[in-house]
Amino acid sequence: MIEVVVSRRCIACDRCVDVCPTRVFDRGADGIPVIARQGDCQTCFQCEAYCPTDALFVAPHATPEPAGSRLRDQGFLAEHDLLGAYRRELGWGGGRPLGARTAVGPAFPD
């Protein structure tokens with residue numbers, strides 16, 4: 001479930017807003033998305049995957065984390081390199097260009 005939007009990392013690109021299938025986010029007055037309907041989150045990780053600045057964290061649970069959880073603590077998430085972890089797991093981080101020609105898999109002759 002979506003837990004954190006790190007405003008200092010966010011560039012207000014609205015990608016998370018656009019890709020969320022259940023419209024969990026609203027645009028804040030400052031342009032930074034806010035989690036408006038956390039209970040509607042389907043834990044699909046699309047917002048985290050498409051965030052170009054790793055400003056989001058989706059916990060791998062279907063219910064909200066309790067108050068005081070480390071998975072809601074921005075410092076803990078940054079210190080343990082959890083912001084953008086799903087994106088990296090997909091291979092979308094680190095400057096890797098997206099597209100079929102760069103996908104990992106069997107090599108096919110041109």
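These questions and answers explain how terms are applied to a predicted model.

User: What kind of model is this, and how are residues numbered?
Analyst: This is a predicted model, where local features need pLDDT of at least 70 and side-chain atom pairs count only at pLDDT 80 or more, while totals for chains, interfaces and linings use all residues. Residues are numbered from 1 along each chain as its sequence is written, and side-chain values use heavy atoms, leaving out hydrogens and water.

User: What makes up the order of elements in the protein chain?
Analyst: From the N terminus on, the order is β-α-β-β-α-β-α-α, with 4 helices and 4 strands. Both are DSSP runs numbered from the N terminus: a helix is H or I over at least four residues, and a strand is E over at least two.

User: Why is E3 called buried?
Analyst: Buried means under 20% relative accessible area, exposed means over 50%, and partly exposed is in between, with a 1.4 Å probe and protein chains only. E3 has 8% relative accessibility, so E3 counts as buried. Buried residues make up 35% of the 110 residues in the protein chain.

User: What makes the pair E3 and Q38 a polar contact?
Analyst: A polar contact is a pair of N or O atoms within 3.5 Å; within protein, one must be able to donate a hydrogen and the other to accept it, and residues adjacent in sequence count only if both atoms are side-chain atoms. The side chains of E3, in strand β1 (residues 2–5), and Q38 are joined at 3.3 Å.

User: What makes the pair Y50 and W92 edge-to-face?
Analyst: Rings of Phe, Tyr and Trp (its six-membered ring) pair if their centres lie within 6.5 Å; planes under 30 degrees apart count as stacked, over 60 as edge-to-face and the rest as tilted. The structure holds 2 aromatic pairs. In the pair Y50 and W92, the centres are 5.0 Å apart and the planes at 75 degrees, so the pair is edge-to-face. Y50 lies in helix α2 (residues 46–50) and W92 in the segment after α4 (85–90), so the pair ties together parts 42 residues apart in sequence.

User: What makes a nonpolar core, and which residues touch the most other members of the largest one?
Analyst: A nonpolar core is a set of buried Ala, Val, Leu, Ile, Met, Phe, Trp, Tyr and Cys residues joined through side-chain atoms within 4.5 Å. The largest has 17 residues, and I2, C16, V24, F25, C47 and L56 touch the most other members. A second, separate core of 8 residues includes F57, A59, L71 and L83.

User: Why is T43 called buried?
Analyst: T43, in the loop between β3 (33–35) and α2, has 18% relative accessibility, so T43 counts as buried.
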